[in-house]
Amino acid sequence: METRPLRLLPCRMPGIEAVEADTARVFGRHTHEQFGLGLIGRGAQKSASGRGLVEAQAGDVITVNPGEVHDGAPIGDGGRAWRMLYLDPAIVAGLAADIADGAAPAVEFTQPALRDRRVAALFGRLFRAMAGSGDAFAAEEALLRCLGAVLQARQRAPRAVPAGIAAARALIDDDPAAGLTLAELARQAGLSRYQFLRGFARATGLTPHAYLMQRRIHRARRLIGGGMRLADAAADSGFADQSHMTRLFMRSFGMAPGAYARR
């Protein structure tokens, strides 16, 4: 059942993307570079998150943090519908500082599924303000109110990543298109290849190769969003060809790169 493909909507504020879908699609394990904040409108889904397996149903607010490994599958045969806003981390950090009265707390959404009718109503107004015909004043006000309500949950300290693993991860982050090998990354971490493979997966939720592919597809997404041709974006991001990029783009974002470019 694919009642409506995932759609990227025009959004009022730079640095925020608005997405809606009604689908039975199963999404594999992937990450986003942005904070995700959304609402299940119909049906239910189950997904992995940084806090284990969670289930969300109609009326639940759903969240995801930058870099958090997650997936998604419908519960039952009817699929599910959702609306989602993806917010650049710099936007969330600035708003969180306002909400904390000038402090600069480490921001993390701690509840991947939240059943709260007030927060759901705030998100509904926020999504309409961002993707609808309201003005920028109303959109900014709705964003502050909704984010403030979500962040009322007690924040927890981000999980520490071992220094060697962090150094190897930084090599990938600095140049995802580089032809890195498992042996090179393991040497950077000061570990054997097997120790590095296990430690990296434990620290990040992805194997080194899967993490590299996520960094490459996020690079390609930024390049495509900036107007680069698909074939050039694939090559510049380190993919063997455009078809490889397209397959991973579909699995991660639920739409073809050409459709993303047109939006």
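These legends walk through a few close-up views of a predicted model.

Local features here need pLDDT of at least 70, side-chain atom pairs count only at pLDDT 80 or more, and totals for chains, interfaces and linings use all residues. Residues are numbered from 1 along each chain as its sequence is written, and side-chain values use heavy atoms, with hydrogens and water left out.

**View 1. Helix α7, residues 208-225, and the glycine after it.** Helices here are DSSP runs of H or I with at least four residues, strands are runs of E with at least two, and both are numbered from the N terminus. Buried means under 20% relative accessible area, exposed means over 50%, and partly exposed is in between, using a 1.4 Å probe and protein chains only. Just after the helix, look for Gly227, which takes a positive phi of about 105°.

**View 2. His218, a buried residue of α7.** His218 has a relative accessible area of 0%, so it counts as buried. Leaving aside residues up to four places away in sequence, His218 touches Thr31, His32, Glu33 and Phe253. A touch, or contact, means heavy atoms within 4.5 Å. Phe253 is 35 residues from His218 in sequence, yet the two C-alpha atoms are 9.9 Å apart in space.

**View 3. Helix α9, residues 242-253, with its buried face.** This helix has 12 residues and reaches 16 Å from its first C-alpha to its last, close to the 16 Å expected. Which residues of α9 are buried? They are Met245, Leu248, Phe249, Ser252 and Phe253. Seen down the axis of α9, they fall within an arc of 110°, so they line one face of the helix. That arc is taken from the directions from the helix axis to the C-beta atoms. An α-helix has 3.6 residues a turn, so residues three or four places apart point the same way. Gly254 follows α9, with a positive phi near 75°.

**View 4. Where α7 meets α9.** The two axes come within 10 Å and cross at roughly 95°. Axes are lines fitted to C-alpha atoms, for helices over the stretch in contact, and angles run from 0 to 180 degrees between N-to-C directions. The pair is therefore roughly perpendicular, a label for angles of 65 to 115 degrees. On the α7 side, the contact includes Met213, Ile217 and His218. Among the α9 partners are Met245, Leu248 and Phe253.

**View 5. Where α1 (residues 89-99) meets α3 (residues 136-150).** Here the axes come within 10 Å and cross at roughly 75°. That makes α1 roughly perpendicular to α3. Ile91, Val92, Leu95, Asp98 and Ile99 of α1 make the contact with Leu143, Leu144, Leu147 and Gly148 of α3.

**View 6. Thr63 in strand β6, residues 61-64.** Thr63 is buried, with a relative accessible area of 9%. A polar atom of its side chain lies 2.8 Å from the backbone oxygen of Gln111. Among the residues that Thr63 touches are Gly36, Leu37 and Phe109.

Note on methods:
Expected span 1.5 Å × (residues − 1). Polar contact = N/O pair within 3.5 Å; in protein donor to acceptor, adjacent residues only side chain to side chain. Parallel < 35°, antiparallel > 145°, perpendicular 65-115°, else oblique.
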